[in-house]
Amino acid sequence: MALLEVKNINVYYGKIHALKDLSLNVDKGEIVTLIGANGAGKSTTLKTLSGILKPRSGSVQLEGDELTRYPAHQIVTRGMIHVPEGRRIFGRLTVQENLEMGAFTVKNEQLNRTNLTKVFDIFPRLKERRKQLGGTLSGGEQQMLAMGRAMMSNPKVLFLDEPSMGLAPVLVDSIFENVRQMHASGMTILLVEQNARIALQVASRGYVLQTGSIALADTAANLQTNEMVRKVYMGEA
Amino acid sequence: MPTKFQRWKERITATDIVMWFIGFALLVFIILGSILTLRAGRYTPVQWFDFVIYGLAQGSIYALVAMGYTLVYGVLRMINFAHSEVFMSGPFTAYYVAAYFYRSSLLESHPVICLIIVFIVSMTISTLIAFLLERIAYRPLRNAPRLIPLITAIGASFTLMYLFRGLYGTGFQAYPVWEIFSGKWALFKGLEIGKIQVFVIFAAALVMVALYLFIQRTRIGKAVRSVSEDKEAASLMGVDIDKTISVTFIIGGAAAGAAGVLYALVFKQVFFMMGFIPGIKAFTAAVLGGIGNIPGAMLGGLLLGLLESIGPALFLDGFNIAAPYQLKDAIAFLVLVLVLIFRPTGLLGERLAVKKA
C-alpha cells in the first residue's frame, strides 16, 4: 500500500468545482510531481491534502489513517507538511525561530537537534543567517528557509508548492539541487511545479493536472518524452 | 530618468500639504508654549520631578492595558473595544475582597498577603472575562467582514459595563488604603517620591518584562507571534489557531487585571465606568507606539502618561491659560494627531508595505 493515498477527492470553491474525482498516490521515498497550467488545481490539491481546504467527498489516507477529518494543525502532527506557494516564512521571526516553528509539533529535543543538523547540512546559508530576521533574507534564501522549516517537522511526506516561483534561473537550479539533497536525506516529496521540465528531471513519477482532474499519470521518463507534455508544458513546438 | 526630488513631488497630494501645515502649526504652538513656560520659571525642579514620576506611574498603567489592545490587534486585526471592561471587571470584583480584608482588619495585620490576594482575584476575573469575551463574542465572527467584530466589540463593551453595574451597583466604591503605600520617601535636596508611585512603576515593569519574555522566549509566545504574522502559515506548522487566540486574550486580560488594581490603588476608587477613559487612553497609547507592536505599546503608554502629566504645565502654562490641567486629555490626543501626521504607523510600527512583503 502506498504511503499517501488520495482517492476521488472533490473540492469546491463556492459553486466552482475545483477538483474533480482526483486520485493520486505517493510511495515512501519517492519524489512525485504534479504538473499543470495556471489554475489547473495544483495548489488546491496541496491545500486540500494539508487540511486548509476540506474536500466535499473522497479520502486522503496516510498509512491508512483518514486525514480529512482532522483540522490543518493536527495533520502536521500526523506527518504531512506543506511548504506553501510564495514561501510564507515568518518575516518578523529570526531564521532560527522560523526553524523552531517548523518543529512546533515535535516535542523530542534529540530529534530536533538531528533535524536541525540535517537542515544546516543541506542549507549552510541558513546557519550563517541564523540570527537574522526572516524578512531580511533574499528570495532564494527564503525558499531555503521555507523548505528547511518544513523538514524540521520530521514529516513522512513533504509538499512543495512552486519552489521556483519568482526566482532567477540560476537560483532555480540550486533550489532543485536542494530538493534532490532533501530527497537523498530520506524525504518523500510531492512536488507541484509549473516548470515541468525541471520538475520531471527530479521526480520519479508525475501526474498531469488539467482543469481539476488527472489527465495523465506516468513515470517521469515517459512523461518527458510524451508529445502532449512536451508541447503544452515544456513549450516545445 | 526622473530625479528623486521629482518622484517625491509626484507622490505629494494636497491632503499631505494640509496635514503638514496643521502638524507644523501644532509643533510651533508646543515649542512656543514650552519656551514661554520655561522662561517664566513658574515651576521648580522639584515640581518637574513630581510631574515625571506621576507621569511614569500613570503611563505604566496605560502601557499594561495597551499591551492587551496590541496583542489582540496582532492576532485578529481588530480593536477589542471591550478591553476597557476587561480592565474594569477585575479590580471592581476584587474591591469586595479588599473591603472584606479591611473590615476584618486583616489588611492591617497582613497587608502584603492581602495585596497579593487582591491581585490574584483581579487578574483571574479579568482573564476569565477576556477569555469568555473571545469565545462568545468574537470567535463565531472569525470569518465575518471586519466591520462586524468591531461593532460586536462595542456592543460587548456596553454589555459588560452594564452587567457589572447590575451586579455591583452604580456608586463609586472607595478602595481601602494600604498604609504601606501612603506617604513619601525623601530623596536628596528636597526631592520626594510617593511610595505608591514607586510601587506602581515597579509592579507594572515586572508584569511587562514577564509578558515580553513570555512572548519572545516561550513556545506559546512564538506561536502567538507566528499567528499574528500569518495565520494560515502558522496552522501549516501545526499551530492551533483557536487556542493561540485564546492565549492572547488570556495574557492581555491578566495584564489588564493587574493594571486595574494599580489604577484602583492610585485613584482609590472603583465604579462600573472606570474602564472607559483609561481604555481609550491605552488604545491611544497602542496606536502611538505602533499597533501590533509590543514594545511599541509599552513605549506609547509611558510616553502618553508623561505627556499628560508634563504637557499641560509645559505647553500651556506659558500662554497663561487658566486651568491647563483640565486640558490634559486634549494634549494627549493632540500629540497623537501629531505623531500620526508625521508617522502614520506609530513610533515603532513598521510600514504596511514592509509587513506584506
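**Chains A and B: a quick tour**

Okay, let's start with a hairpin: strand 1 and strand 2 of chain A form one, with two residues between them, and A:Gly14 in the turn has a positive phi of about 60 degrees. This is a predicted model, where local features need pLDDT of at least 70, side-chain atom pairs count only at pLDDT 80 or more, and totals for chains, interfaces and linings use all residues. Residues are numbered from 1 along each chain as its sequence is written, while chains are lettered from A and ligands numbered from 1 in the order in which they are written.

A word on terms. Helices (H or I, at least four residues) and strands (E, at least two) are DSSP runs, numbered from the N terminus, and two strands pair if DSSP finds at least two bridges between them.

Now over to chain B, and helix 9 (residues 219–229). Eight of its 11 residues are buried, so the rest of the structure largely encloses this helix. Buried here means 20 or more other C-beta atoms within 10 Å of the residue's own, against 12 or fewer for exposed and partly exposed in between, with C-beta atoms placed from the backbone. Among the buried ones are B:Lys222, B:Val224 and B:Glu229. The cover includes helix 3 (95–102) of chain A, along with helix 8 (195–217) and helix 11 (241–267) of chain B.

That takes us to where the chains meet. In all, 15 residues of chain B are in contact with 21 residues of chain A; contact means C-beta atoms, placed from the backbone, within 7 Å. On the chain B side, helix 9 gives the most, with five residues.

Last stop: B:Lys281, in helix 12 (residues 276–289) of chain B. Why does B:Lys281 count as buried? Because it has 26 C-beta neighbours inside 10 Å. Leaving aside neighbours within four places in sequence, B:Lys281 is in contact with B:Tyr62, B:Leu304 and B:Ala332.

Definitions and conventions:
Two residues are in contact if their C-beta atoms, placed from the backbone, lie within 7 Å.
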